[in-house]
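Here's a quick tour of a few spots in this model. Have the sequence and the 3D view open as you read.

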Amino acid sequence: MGLLSDPQCRRALSRLVLRLNTPLCALSYLAGLGWFLALAFPPLAPRTYMSENAMGSTMVEEQFLLGERALSYAREFAGHKKKAGGMPVAWLEKTMWSLGLEVHKQPFARTLPFPDEARERYMVKGTNVYGILRAPRAASTEALVLSVPCSEGPHNNQAVGLMLALAAYFRGQIYWAKDIIFLVNEHDLLGMEAWLEAYHDVNLTEVRSSGTLGRAGAIQAAVSLELSSDVVTSFDVAVEGLNGQLPNLDLLNLFHAFCQKNGLLCTIQGKLPRSDWDSLPAYAHSLQTLLLMVLAQASGQPRGDHGLFLRYRIEAVTLRGINSFRQYKYDMTTVGKTLEGMFRKLNNLLERLHQSYFFYLLPSLSRFISIGVYMPAFGFLILVLVLKISFWMGGVGGGEREPHPSFPQEARPGLLVLVPPLLICHAAGLALYFLPVLGQRVATQHFPVSESEAVVLTVIAIYVAGMALPHNTHRVLAGGSSDRGWMTLKLLALLYLALQLGCLALLNFSLGFLLAATMVPAAAAARPTGPK
Amino acid sequence: MAAPLVLVVLVAVTVRAVLYRSSLAAFISERVEVASPLNAWKRVVEGLALLDLGVSPYSGAVFHETPLIIYLFHFLIEYAELVFMITDVLTAVALYLAIQDFNKVVFRKQKLLIELDKYAPDVAELIQTPMEMHYIPLKVALFYLLNPYTVMSCVAKSTCAINNTVIAFFILATIKGNAMKKKNGSLCLSIKSRRSAVIKSGDICLLVFRFQRQFIPVKLKSKSFWLYTMQYAALYLCSLVVIICLSFFLLNSWDFIPSVYGFILSVPDLTPNIGLFWYFFAEMFEHFSLFFVCVFQINVFFYTIPLAIKLKEHPVFFMFVQIAIISIFKSYPTVGDVALYMAFLPVWSHLYRFLRNIFILSCVLIVCSLLFPVLWHLWIYAGSANSNFYYAITLTFNIGQILLVSDYFYAFLRREYYLTHGLHLTRQDGTEAMLVLK
């Protein structure tokens, strides 16, 4: 309690803060940015390691040899897909049935908020097909998922082929303790969300699906596979999920371990790993990977179909096979062996993955930065706001509590002056949140714009109107033209900003950090100028 | 002053009515910060359903409120929202009247002490004037009714609101009461203790005692002191016995005693809340849990006697600090309890200049209140965090509350010191001195 009750210490500290405020703020901001940039420096980030005991060693003897069969399934699938003009449901059902899986199909329909630009339709209809491989000697309480998106055109055919070959191979093994669900979902994220909602019997989005579905117990982990070529040169992993949620780091470690075991080249963000670490190009490479991950996480969009699993507390990653111009190619058998190894290890899990980190940043596939290491960067940015707040507190409220007869009387009416600007700003925020969607239909009836354009234009209009707010509303503020008035308002605004950025950084660090890096200098330096 | 109060009441009722009809009502009633196993509305409904089926409402360890609540809502279940809005309004009105009377008492006492020359000569600016005290009762009612914590408690229909009403009436009876009306005080006290927890009764007993002592100086050897104590204790025990027997006859069983009092004392349910108990007991071995339950529960009423000795001249401040300590250290606190003692803060607004950390502490409390739902989401829904994250925020919130109470306490004592010793303190050799808390 020394700092809170010792007056000498407080006085010294507050004097320091008041005198050196601007240099300290600038220093803190630079420290925050510098810390963030230093995160990418390879020796500073620890190597990844497997935390879950059950997935410790990679000692399995993979015997997957059905690479050719995978390719033949892929060609059949491509032919039927072209013939059906969408997903070949009947063929998939028949093939899965012949492999010995328990097949189910799930037709779903979803009304889109905006009409699909390509086909001018509002409703998307599709079918998910999935087969359940029941574990021969277990009670069907837990499951693993291997999902493959069914895309239009010549994409992802080999993924379906590999999935069916793996199903055929897995069916012959006796060591499965969890059921395995082989899912082919149509329309990417829409189909995946429809399947997850039906599986967990919730109704988060208004997807309508029909039929009773076979279930296989609680899903422990999921892998989404995307392969569009017969051979691959590298295997890419995508981790970012919806709203910046990330899977457990152990899943990534598992993938990395098995790629290394099978000699498969694995990448993240599409960037190949480098072996040197103490040169400038290596640092630039690592920084680029880190920034790509930060941007992907901040956008909140899932980087693959796996992103929707994370909301249901199912750890999932998306694996993509990339075929570039490199010379060394890997065939389907190697890819299949890697997947087999991963699934056998996941089979060993006794409980959900929880040992390793959930909050991390990846400058490369073999190095990670945990929350304890990257949060101080954000902390320094918020420190700028805190320094500014204490500076304004020194101006408004008085740093030390010396008897000042005028303070209590003056401070009280000052608080009421803040209410109109707050109300107006919140009203503008609510308008921005509700009006574009509510006004969408009205806008298209009266103006010759399409629905998505209507929403975007309404948002822009409210923003522009918001920029004119200070000019129109400063008359409303009775005491606002005094020095005290805007200082108190700025104090409150800085507090509010710090609070919101803090909450946001906890939920989605990248978004919080990027917003802080851009908003904090503007917020700290803003002061009213011009005629009162 | 009735018109502003009525306006405030209207605004508060409108806010609550709007929230009842919105989709937020369901969301708020699920929050663990607002509804604890003791006072959740779902459990009251469950108890009523069990009673309708002819089974004791206390079977199955779902319902932990007193039988009086069951019978209150047995008849008023359709008007539940109205009942909770009315209880909030009653609490605010009771606090308003109580603080009005308290201000008169304070002013009278101040005048007496000035005439008796007990104050130092240069403390004119520390004396409270009627001008600044005029709006305090309205501010108290405002603070209670429009506090987001109270609004959330009301919208969640947590029976904490009813607890608060009884405490407010008890305070009103105490402040209004003099020797003639002590019956009112003790009756309210026993109702309150029945309603809440018998733990608190011990403290409040002493609180009231201290207040009434105003007319009787505390001398342990004085006969009138002991006579008064005995009278009061007898009255209190009798009303307690009457109410317990009434509860017995309502349901024809003694089930309620282990379900209500045993539940509060032994803390078997470890649902997370904003208190300090759940995390510790979730990770403790069975072997030690009895010891630690005793240690934790002692915290609630351990501070009564030292505070009573220190604050014997200032019973209402003592009551405030005691209510605050109870709402921090009780086994299942909710934000409704926090709202009650926060309503008193305008009464001590004259201490503003002596408060050292009020800005930091209010920031801490606001930040923690905002982080509670964020970390709950990360723990329960996203699965990315775990209970440590949520408990960290709980700890910070409680530390903030404790520091707030001790800050007010220190400021109060400092003001008393300045009043009797003058504002400009000098040491023995004439240099300027400063009051420091060691």
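## Strand 9 of chain A

A:Ala238 sits opposite A:Thr318 in strand 9 of chain A. That contact belongs to an antiparallel pairing, with five bridges joining strand 7 (residues 234-238) of chain A to strand 9 of chain A. Strand 6 (residues 218-226) of chain A pairs with strand 9 of chain A too, in the parallel sense over six bridges, and there A:Val223 stands opposite A:Val317. Pairing takes at least two DSSP bridges between two strands; strands are DSSP runs (E, at least two residues), as helices are (H or I, at least four), numbered from the N terminus.

Strand 9 (residues 315-322) of chain A is mostly covered, with six of its eight residues buried (under 20% relative accessible area; exposed is over 50%, partly exposed in between; 1.4 Å probe, protein chains only).

## Helix 19 of chain B

Helix 19 (residues 358-381) of chain B has a kink of about 30° at B:Leu371, shortly before the proline B:Pro373. The bend is the angle between axes fitted to the seven residues ending at a residue and the seven starting there. Among the buried residues of helix 19 of chain B are B:Leu371, B:Phe372, B:Trp376 and B:Trp379. Just after this helix, B:Gly383 takes a positive phi of about 70°.

## About the model

This is a predicted model: local features need pLDDT of at least 70, side-chain atom pairs count only at pLDDT 80 or more, and totals for chains, interfaces and linings use all residues. Residues are numbered from 1 along each chain as its sequence is written, chains are lettered from A and ligands numbered from 1 in written order, and side-chain values use heavy atoms, leaving out hydrogens and water.
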